[in-house]
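I opened this notebook to record what I looked up in one structure. The entries follow in the order in which I took up the topics.

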Amino acid sequence: MAELLWRDANGPPAAVGVVPLVLGDRPAVALPWAQVDVARAAAASDTAALVLSDPRLTGSAWRPMVATGRPTLVEDGDGSLFTERLLDQELRKHPPSRALADSHMLRRENWWYLPRLILLLDDVRVAAGGRRDSPLDAVLGVEDEGLHVRTVRVTDWAASPLELHGGPAVGGPAVLVGQEISVPDVEQWTVHTTAGRYADGSFSVTRPAPTRALEARPGVLARVRRQRALERACIGGLRAAGHA
């Protein structure tokens, strides 16, 4: 799993959890149409960063890194680009997708899951990153005449202000993003973002995350309701854009 951060002209950087992919030689993410607002907001930015910080569900060759570039959005309304070029990668990296698209029959039944909003990074600069090894670790994004990204350790999430270790030598509006996942199924996935201002190792919170705890394991009924909600949101986004 990975974090996608981008500059936001109206405040601190924004961030979401994503599945990292590669299209050709370009870093990519492929969001379902339920996240159309997120995809378009990221694409409207001049700079985004795809951050690999979580060592779970990775191989021996994995290294933490930050790929920063200019985001470009491809609205794959019929799902052909995603299916032909990216689906196999997602099935390997994101087990929940297998329940929706791991066979031709499932792809016909869940057709709404294949159209995607594909964000690509151009003019990419790659830098070594830091790994998140505990719930005290998070990815920090700071806006200071550009997007500055580091993996940091929070001494105590209950403190005010938060004390961070490993942050950059800049200051400004900022966001902290972290993720909790269940391994190996990724059925439970919590992405938490905390907005505020950062300077000199200190983070003043202006918008705390609702929770940082891993969501509860869903029962059968909750799984069905979650999938139906995702289906409705995807179809709604596709219809609004004239793709369904």
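The entries below cover the sheets, the helix, the aromatic residues and the backbone.

**Entry 1. Basis.** I am working from a predicted model, in which local features need pLDDT of at least 70, side-chain atom pairs count only at pLDDT 80 or more, and totals for chains, interfaces and linings use all residues. Residues are numbered from 1 along each chain as its sequence is written, and side-chain values use heavy atoms, with hydrogens and water left out.

**Entry 2. The open sheet.** I looked up the strand order and found that 7 strands form an open sheet, β2-β1-β5-β6-β7-β4-β3, with antiparallel pairing. Strands (E, at least two residues) and helices (H or I, at least four) are DSSP runs, numbered from the N terminus. Two strands count as paired if DSSP finds at least two bridges between them. At the edges I noted β2 (14-18) and β3 (21-23), each of which pairs on one side only. From one strand to the next, the twist averages 35°. Axes here are lines fitted to C-alpha atoms, for helices over the stretch in contact, and angles run from 0 to 180 degrees between N-to-C directions. I then examined β3 and β4, which pair in the antiparallel sense over 3 bridges. Leucine 23 stands opposite arginine 26 in β4.

**Entry 3. The helix on the sheet.** I recorded that α1 packs on the sheet, where it touches β1, β2, β4, β6 and β7. The direction of α1 makes about 120° with that of β6. Contact means heavy atoms within 4.5 Å.

Which residues of α1 are buried? In this helix (residues 36-43), I found Val36, Ala39 and Ala42 to be buried. The three lie on the same side of α1 because they cover an arc of only 135° around the axis. The arc is that of the directions from the helix axis to the C-beta atoms. I use "buried" for under 20% relative accessible area, "exposed" for over 50% and "partly exposed" for values in between (1.4 Å probe, protein chains only). An α-helix has 3.6 residues a turn, so residues three or four places apart point the same way. The cover over the buried residues of α1 includes β1 (2-6), β4 (26-32), β6 (65-76) and β7 (116-128).

**Entry 4. The barrel.** I traced 6 strands that close into a barrel in the order β8-β9-β10-β13-β12-β11, with antiparallel pairing. Direction ignored, neighbouring strands of this sheet are turned by 45° against each other on average. Strands β8 (residues 137-143) and β9 (residues 147-154) run antiparallel and are joined by 7 bridges. Alanine 138 stands opposite valine 152 in β9.

I next followed β10. β9 and β10 pair over 2 bridges in the antiparallel sense, and valine 154 faces leucine 164 in β10 as its opposite residue. β10 also pairs with β13 (residues 202-207), antiparallel and over 2 bridges, with leucine 162 opposite phenylalanine 203 in β13.

**Entry 5. Aromatic residues.** How many aromatic pairs does the structure hold? I found 1. Tryptophan 112 and tyrosine 113 form this pair, which is edge-to-face at 5.8 Å centre to centre with 80° between the planes. Rings of Phe, Tyr and Trp (its six-membered ring) pair if their centres lie within 6.5 Å; planes under 30 degrees apart count as stacked, over 60 as edge-to-face and the rest as tilted. Tryptophan 112 counts as buried because its relative accessibility is 0%; tyrosine 113, at 6%, also counts as buried.

The charged end of arginine 116 sits over the ring of tyrosine 113, 4.4 Å from its centre. Arginine 116 also lies over the face of phenylalanine 82, at 4.1 Å from the ring centre. The criterion is NZ of Lys or CZ of Arg within 6 Å of the ring centre and within 35 degrees of the ring normal.

**Entry 6. Backbone.** Most residues other than glycine have a negative phi, and most peptide bonds are trans. I looked up the following exceptions.

- The bond from serine 160 to proline 161 is cis, with omega near 0°; proline 161 is in the loop between β9 and β10.
- The bond from valine 183 to proline 184 is cis, with omega near 10°; proline 184 is in the loop between β11 (172-181) and β12 (189-199).
- Valine 186 is in the loop between β11 and β12 and has a positive phi of about 55°; valine 186 is buried, with a relative accessible area of 2%.
- Leucine 57 has a positive phi of about 60° and is in the loop between β5 (48-52) and β6; at 40% relative accessibility, leucine 57 counts as partly exposed.
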